[in-house]
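The points below are meant for a colleague who has not looked at this structure before.

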Amino acid sequence: MDMKRDYYEDVQLFTSGVVLFWFVVLLSLIAVLPFVVKNYYIYVANFVAINVIVAIGLNILVGYTGQISLGHAGFFAIGAYGTILLMTKLHFPFLLALPAAALVAALFGFLLGLPALRLEGPYLAIATLGFGLTITQVIGRIELFGGRQGLHTPELIIGSWHLNSDRDFYCLLMPLTILLALGARNLIKTKVGRAFIAIRDADIAAETMGVNLVFYKTLAFAVSAFYAGIAGGLYAFVLRYIEPEIFTLMMSIMFLAMVVVGGLGSIFGAIAGAALLSWLDLQLRNILDMPYIGDWLEALSKNYFSITGVSNIQFIVFGFIMILIMLFEPLGLYGIWIRTKKYWRMWPF
Amino acid sequence: MTFFAVNNLAIAFGGLKALEGISFAVDQGEVFAIIGPNGAGKTTLFNCINGIYRPDAGEIIFKEKRIDGLKPDRIARCGLARTFQNIELFNHMNTMENIMLGRHLFMKTGIFHGMAMWGKNSFAGREERRHRQKVEEIIELLELEAVRDKLVGALPYGTQKQVELARALALEPELLLLDEPCAGMNSEEKQDMIFWIKDIQDELGVTILLIEHDMKMVMDISDRILAINFGCMITMGRPDEVQKHPEVLKAYLGEDEDGQP
């Protein structure tokens, strides 16, 4: 064995030149995108990136620590409302208001983590569900939070940079997303991440090795809520207007679906799942405009599926795609990725 | 000074008295074995010592400090490590990472340092390298080089037991609890395991509490033996004494109708 081996190889970001190469290609694509595509697609990219941030955070909780949350729309809402209120009422600059609001979300995450010490599986799911539902109800009742009317975002200014368009916002959002993704990956490879995975795989053994279950379970909730909070604060500026009705149970479920469809316990999976589902969510709305198939699908939907007479085929296609992915690859998109990689390594045999 | 002592320990589950009146003391550097038939309460005793169960009565003293009632992670901090009868490894991590978990208490990287591991000279990068080197020494000691980067869930049973031992050693314990380290192993693997346990006792100076069913092995490596049955102590002493004790023979071999073993 080569004794001069450097142990950093085990945890380093780029395990080989090939990985580094593809990372640079990806970065270049992200960098040139705003110059080559239509404005609408910039908006789509922003929407995708925000979902990616939530999915990465939720994956730390669900995929790595083995807990579950059906209340992430609640943390998302806290981030969105917190950022706007800190900016309008307390005149915080955006770059301070965003992490501050996310820290508030993290605090709520910590509090929600406390019942998680005693609850597991379906019981924990219901407890977190209750949290998600409560948050939107409470926000809708408080005048300071804009009540049912909601809130408009203030103008976004960083230093002397006025971010007016989706394109400007893209330039702020993408570096943040990349930074948060790499941060999560590093976290998983070091002490805290290992403790999370240990709790998921064998909690009693983890405790026996000195892992404080109370601390690390609540920490997983707090970190996950922090990511959701950051994403929420950014989402407010994509929509430019927020109201309690946005942060529904359906949103929490979609976040969870992204993580599961992407592949539990993999940063790549969270990114792929969030990208696919949020892209489908936006694109399937246009399914009826497709040539030939569009008319046929609309007729099919109106005649056989819809109760109200309004075409609902996009939801059906959406659900169908999710079922197919789970059926053929229970490990999600990450599993498909691993198989493809293996196939090409062996090719042409 | 007593290194480790259990005084009058008792625990019951519902109406079932799993342990009652268990008292013994272990000297530093000893291999102390606990034997008894299935269901005698051996693993329950380990679970009490290690903090998974909270005993109903009695005290457990480790290095002059009472540890009964503490949580397992607090007890680990005192310098006590254990392995499990039914392997409890982290199946989705590789061997290296599993053993790294044993270094948990020695590492200081938190969320912020962890997320900011940009390069090998960052705080987290330096700490990872230092502790991985330490783990490599344990890997070499237990000859696990070949499975270093393999997921432990896919390893053969005997190797998994070895990884569990390695993970416990990474904690640098002063007292090591081994719950049937040789169960399910073939004779060659058993020989290796006995060899390592002796090594751990002699070279690392670790005191060992051992549960084992293989009588030959127990007689070979233990300095003293405690025999229990139905949660109560039968006898305690040197291997040759315990082996001849009529109650032990009775518990292990059964009894004829006329009362003769």
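1. Two strands count as paired if DSSP finds at least two bridges between them. By that rule E1(B) and E4(B) are paired, in the antiparallel sense and over five bridges. One of the facing positions is Ala10(B), which stands opposite Ala57(B) in E4(B). Please keep in mind throughout that this is a predicted model.

2. Overall make-up of chain B. Ten helices and ten strands are found in chain B. Its C-alpha trace spans about 75 × 40 × 35 Å along the principal axes. The radius of gyration of chain B is 20 Å, which agrees with the value near 18 Å that a compact globule of 261 residues would have.

3. The four-stranded sheet. In chain B, four strands make an open sheet in the order E2-E1-E4-E5, with antiparallel pairing. Strand E2 (16-26) and strand E5 (65-66) of chain B are its edge strands, and each pairs on one side only. Helix H1 (residues 42-49) of chain B packs on this sheet and touches E1, E2 and strand E4 (57-62) of chain B. The direction of H1(B) makes about 65° with that of E2(B).

4. Strand E1 (residues 4-13) of chain B runs antiparallel to E2(B), and seven bridges join the two. E1(B) and E2(B) form a hairpin with two residues between them. Gly14(B), in the turn, has a positive phi of about 60°.

5. The six-stranded sheet. What is the strand order in the open sheet of six strands in chain B? The order is E6-E7-E8-E3-E9-E10, and the pairing is mixed. Strand E6 (80-82) and E10 of chain B stand at the edges with a single partner strand each, so one side of each has no neighbour in the sheet. On average, neighbouring strands here are turned by 15° against each other, direction ignored.

6. Strand E3 (residues 31-35) of chain B pairs with strand E8 (residues 207-211) of chain B in the parallel sense, over four bridges. In this pair Phe32(B) stands opposite Leu209(B) in E8(B). Strand E9 (residues 224-229) of chain B and strand E10 (residues 232-237) of chain B pair in the antiparallel sense over five bridges. Ile228(B) stands opposite Met233(B) in E10(B). The hairpin of E9(B) and E10(B) has two residues between the strands, and in it Phe230(B) takes a positive phi near 50°.

7. Contact between the chains. How many residues of chain B are in contact with chain A? There are 38, and they meet 28 residues of chain A. On the chain B side, helix H2 (72-78), helix H3 (95-101), helix H4 (111-115) and helix H5 (123-141) each supply at least two residues. H5(B) gives the largest share, six residues. By class, the chain B side has 17 nonpolar, ten polar and eleven charged residues.

8. First helix pair in chain A. Helix H2 (residues 39-64) of chain A packs against helix H11 (residues 267-283) of chain A at an angle of about 140°, with the axes 8 Å apart. H2(A) is therefore oblique to H11(A). The crossing of H2(A) past H11(A) is right-handed. Residues of H2(A) in the contact include Val44(A), Phe47(A) and Asn51(A), while those of H11(A) include Ile267(A), Ala274(A) and Trp279(A). This contact of H2(A) with H11(A) has 13 nonpolar, four polar and no charged residues.

9. Helix H10 (residues 249-262) of chain A and helix H14 (residues 332-346) of chain A pack at an angle of about 20°, their axes 3 Å apart. H10(A) and H14(A) are therefore roughly parallel. Val260(A), Val261(A) and Gly262(A) of H10(A) meet Gly332(A), Leu333(A) and Tyr334(A) of H14(A). The residues of this contact of H10(A) with H14(A) are four nonpolar, two polar and no charged.

Methods. Residues numbered from 1 in each chain as written. Chains lettered and ligands numbered in written order. Predicted model: local features only at pLDDT ≥ 70, side-chain atom pairs only at ≥ 80, totals over all residues. Axes fitted to C-alpha atoms, helices over the stretch in contact; angles between N-to-C directions. Parallel < 35°, antiparallel > 145°, perpendicular 65-115°, else oblique. Left-handed = near helix turned anticlockwise from the far one by under 90°. Contact = placed C-beta atoms within 7 Å. Nonpolar A, V, L, I, M, F, W, Y, C, P; charged D, E, K, R; others polar. Rg over C-alpha atoms; globule rule 2.2 N^0.38 Å.
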